[in-house]
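Me: I'd like to go through the wording used for this model and test each label against its cut-offs. Could you show me the sequence and the structure before we start?

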Amino acid sequence: MASGNRGLQPRKQPRQARAELTRQRILTAAAQVFAEYGYAAGTTNRIAEQARISIGSLYQYYPNKDAILIELLNRHLDTGTAAATAGMAAAGHDGDGSPGPLEEILRGHVHAAIANHRDDPQLLRVLAEAPRAPELFDRIEKVQRERVAYARELLDHHPEVRVDDKETAARLLVSTIELVVHMLIAAPMAVEAGRLENEMVAMLTRYLTAAPR
């Protein structure tokens with residue numbers, strides 16, 4: 001595993017269409033190789049062979065497989081954030097500006113999380129083995145804080161919410177969606193996406209709208 005943050009950075013950012021296509025081929029090939037062989041056996045030689053480029057060409061873009069895995073995880077976070085934002089915009093409010101039905105808002109979040117995980121379910125296991133780069137964990141923490149802040153605002157203002165401890169509930173809501181979807185989509189006996197979405201939405205809706213004891 002590379003030491004230092006510099007070894008986890010791409011060697012160059014493509015500026016031409018051909019170079020960008022090559023980078024995308026490397027990332028797509030790496031996702032397939034890591035999913036099939038795991039992190040330890042997912043070598044740069046296998047990635048280059050899958051991408052149908054020379055190993056020298058691969059090293060023009062990435063110094064090692066750690067850097068490739070870091071970029072795959074960043075892409076995963078980018079896609080998830082964009083999907084979550086779109087889900088908020090679509091389900092967040094009724095036509096008069098008031099909050100939409102809580103169940104629909106939760107469904108938007110759960111659906112976005114499932115969509116972001118189901119394309120590469122095997123790769124999710126490999127992402128957990130990513131190098132412990134400080135900038136990567138800073139990024140993950142930032143995304144987590146933003147999602148918890150949104151959830152807290154939702155719980156504070158939505159009329160259907162009846163849970164008392166809204167700060168804990170917000171953190172629980174975000175963590176439950178991310179971790180449960182991650183585990184059950186990537187599991188060897190994965191739960192069918194539609195069933196998982198329906199059951200998670202029902203569970204979370206009941207939790208947030210139940211009368212406090």
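Me: What makes the charged end of Lys65 count as sitting over the ring of Tyr39?

Reply: The charged end of Lys65 is 4.4 Å from the centre of the Tyr39 ring. A charge sits over a ring if NZ of Lys or CZ of Arg is within 6 Å of the ring centre and within 35 degrees of the ring normal, so 4.4 Å passes the distance test. Arg46 does likewise with Tyr37, where its charged end sits over the ring, 3.9 Å from the centre.

Me: Before going on, what kind of model is this, and how are residues numbered?

Reply: It is a predicted model, in which local features need pLDDT of at least 70 and side-chain atom pairs count only at pLDDT 80 or more, while totals for chains, interfaces and linings use all residues. Residues are numbered from 1 along each chain as its sequence is written, and side-chain values use heavy atoms, with hydrogens and water left out.

Me: Back to Arg46, then: why is Arg46 called partly exposed?

Reply: Its relative accessible area is 33%. Buried means under 20%, exposed over 50% and partly exposed in between (1.4 Å probe, protein chains only), so 33% puts Arg46 in the middle class. Tyr37 counts as partly exposed too, because its value is 38%.

Me: Where do Arg46 and Tyr37 lie, and what does Arg46 contact?

Reply: Arg46 belongs to helix α2 and Tyr37 to helix α1, residues 17-41. Helices (H or I, at least four residues) and strands (E, at least two) are DSSP runs, numbered from the N terminus. Setting aside neighbours within four places in sequence, Arg46 is in contact (heavy atoms within 4.5 Å) with Val33, Tyr37 and Ala41. With those neighbours likewise left out, Tyr37 contacts Gly42 and Arg46.

Me: How do you know that Ala51 is buried?

Reply: Ala51 has 5% relative accessibility, so it falls within the buried class. Ala51 lies in helix α2, and leaving aside neighbours within four places it touches Arg25, Ile26 and Ala29. Ala51 and Ala29 are 22 residues apart along the chain, yet their C-alpha atoms are separated by 5.2 Å. Across the protein chain, buried residues make up 41% of the 213 residues.

Me: And why is Arg52 called exposed?

Reply: Its relative accessible area is 73%, which is why Arg52 is exposed. Arg52 is found in the loop between α2 (44-51) and α3 (55-61). Its phi is positive, about 60 degrees, although Arg52 is not a glycine.

Me: What makes α7 oblique to α8?

Reply: Helix α7 (residues 134-157) and helix α8 (residues 166-186) pack at about 125 degrees, with axes 8 Å apart. That angle makes the two helices oblique. Angles under 35 degrees count as roughly parallel, over 145 as roughly antiparallel, 65 to 115 as roughly perpendicular and the rest as oblique. Axes are lines fitted to C-alpha atoms, for helices over the stretch in contact, and angles run from 0 to 180 degrees between N-to-C directions. The contact includes Val148, Ala151 and Leu155 of α7 and Ala170, Leu173 and Val174 of α8.

Me: Why are α5 and α9 given that label as well?

Reply: Helix α5 (residues 102-118) and helix α9 (residues 193-209) pack at about 140 degrees, with their axes 9 Å apart. They are therefore oblique to each other. Among the residues that meet are Leu106, Val110 and Ile114 in α5 and Leu196, Val201 and Leu204 in α9.

Me: Which handedness does the crossing of α5 and α9 have?

Reply: α5 passes α9 in a right-handed crossing. A crossing is left-handed if the near helix is turned anticlockwise from the far one by less than a right angle, and right-handed if clockwise. The crossing of α7 and α8 is right-handed, and so is that of α5 and α8.

Me: Finally, how many helices and strands does the protein chain have?

Reply: There are 9 helices and 0 strands. Residues 24 or more positions apart account for 72% of the contacts with a separation of 6 or more.
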